[in-house]
Amino acid sequence: MKREFLLSIKKQDMAETFPGPAITQKPETIDLEALNQQLDRFDAILKQELAIAKGLAERREQGEEIPDFDIRGKLYAISEEIAPEARGGDIREMHDLIKPKPGEVSVDLAAGGGFITKPILEWTHAKTYAVDPSREQLKLLDKYCNGKAEIVLGSPDDAAILDSLPCGEIDFVTSFGGLHHVPDQSVMMKNIAKMLKEGGRFVAADVCGDTALARHFDEFVAKKCITGHKASWLTESRLEELIRGTSLSLKHAETRPLTWIFNSEREMALFFKALHAYDLPDEEVIKDLQGALGISEKEGKVHLNWPMIFFELVKS
């Protein structure tokens with residue numbers, strides 16, 4: 001089998017429960033035989049890519065400098081190909097919070113493979129800068145966004161990225177699900193303040209600290225991901241601390257009850273094996289997600305609770 005995949009993304013305690021969004025459309029009829037044949041193909045691709053990623057992880061353990069997402073960037077992209085519609089609610093929530101206007105110039109921090117970058121380009125039809133420290137991720141993003149995003153290699157807490165941005169002219173900065181990877185979030189906030197024009201906004205979402213989801217990452221993902229998983233989680237009080245002494249102020253912060261929706265438990269398991277670089281049996285992945293976050297079935301679909309903190313900062 002060829003090592004290839006399509007990159008065609010469409011688009012807290014265990015007792016805690018988070019209701020999913022209401023579904024108003026008619027239930028879809030799923031061809032389970034065709035679905036499983038497709039998942040068989042992805043399973044084979046995953047095995048190949050996991051073997052390659054594990055080899056890179058071993059080289060890093062021997063002293064070679066290889067960033068996490070240069071090791072598992074392709075796996076992350078495959079996850080979106082496995083279940084391209086699973087996270088549609090995430091994009092809708094970001095749109096509602098950003099309230100983008102045509103012509104607005106933006107920066108997407110920790111942009112990864114372009115999950116939010118591409119929708120922003122479609123919403124604004126304007127210049128969008130994608131910042132990420134992984135060359136591998138940015139290659140995937142550039143392909144996914146059809147070369148329309150302005151690529152900036154670097155971490156959000158690296159002052160050097162400012163040289164590639166029109167500082168003081170950015171309408172909004174955004175990030176989805178990647179801020180917990182930033183080593184120095186305080187410096188990142190200072191950089192964001194320099195990027196934004198007066199009245200500009202930083203709109204983002206990430207895993208909230210002290211929740212079931214954060215514990216899932218700390219207790220399971222960190223142990224089972226082939227690269228490990230280090231994180232600095234955000235809370236409303238942590239945000240207030242990080243922006244102290246900057247020109248940014250907190251306008252809004254709340255945890256929203258997102259739901260990721262899959263066609264089957266197997267599809268969900270393969271999605272997470274790619275997303276978090278797990279070399280695990282499907283059953284172990286499903287069992288963890290059920291116990292840590294909660295799974296339900298609605299109208300023939302598998303719903304997974306995935307609450308995140310959404311916030312907006314404004315530059316004065």
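**A mixed open sheet and its nonpolar cores**

Strand 1, helix 4 (residues 117-124) and strand 2 make a right-handed β-α-β unit, a crossover being right-handed if, with the strands pointing away from the viewer, the path from the first strand over the helix to the second runs clockwise. Helices (H or I, at least four residues) and strands (E, at least two) are DSSP runs, numbered from the N terminus. The model is predicted, so that local features need pLDDT of at least 70 and side-chain atom pairs count only at pLDDT 80 or more, whereas totals for chains, interfaces and linings use all residues. Residues are numbered from 1 along each chain as its sequence is written, and side-chain values use heavy atoms, with hydrogens and water left out.

Strand 1 (residues 106-109) is covered on both faces, with Ser106 and Asp108 buried on one side and Val107 and Leu109 buried on the other; buried means under 20% relative accessible area, exposed over 50% and partly exposed in between (1.4 Å probe, protein chains only). In a regular strand the side chains alternate between the two faces of the sheet. Two strands pair if DSSP finds at least two bridges between them. Strand 1 pairs in the parallel sense with strand 2 (residues 128-132) over 4 bridges, and Leu109 has Val131 of strand 2 as its bridge partner. A parallel pairing over 3 bridges also joins strand 1 to strand 4 (residues 170-176), where Val173 stands opposite Val107.

The open sheet comprises 7 strands in the order 3-2-1-4-5-10-6, with mixed pairing. Strand 3 (150-153) and strand 6 (248-256) stand at the edges, each with a single partner strand, so one side of each lacks a neighbour in the sheet. On average, neighbouring strands are turned by 15° against each other, direction ignored; axes are lines fitted to C-alpha atoms, for helices over the stretch in contact, and angles run from 0 to 180 degrees between N-to-C directions. Strand 6 runs antiparallel to strand 10 (residues 308-315), to which 8 bridges join it, and His252 stands opposite Glu312 of strand 10. Helix 3 (residues 88-98) packs on the sheet, touching strand 4, strand 5 (196-206), strand 6 and strand 10, and its direction makes about 155° with that of strand 5. Helix 6 (residues 185-195) also packs on the sheet, touching strands 1, 4, 5, 6 and 10, at about 140° to the direction of strand 5. Contact means heavy atoms within 4.5 Å.

A nonpolar core is a set of buried Ala, Val, Leu, Ile, Met, Phe, Trp, Tyr and Cys residues joined through side-chain atoms within 4.5 Å. The largest such core has 61 residues, and those with the most contacts inside it include Ile82, Phe176 and Trp306. Helix 1 (residues 32-61) gives the most to this core, with 9 residues. A second, separate core of 28 residues includes Met189, Met195, Phe202 and Ala204.

The structure holds 14 aromatic pairs; rings of Phe, Tyr and Trp (its six-membered ring) pair if their centres lie within 6.5 Å, planes under 30 degrees apart counting as stacked, over 60 as edge-to-face and the rest as tilted. Phe69 and Tyr76 form an edge-to-face pair, 5.8 Å centre to centre with 80° between the planes. Phe69 is buried, with a relative accessible area of 16%, while Tyr76 is partly exposed at 22% relative accessibility.
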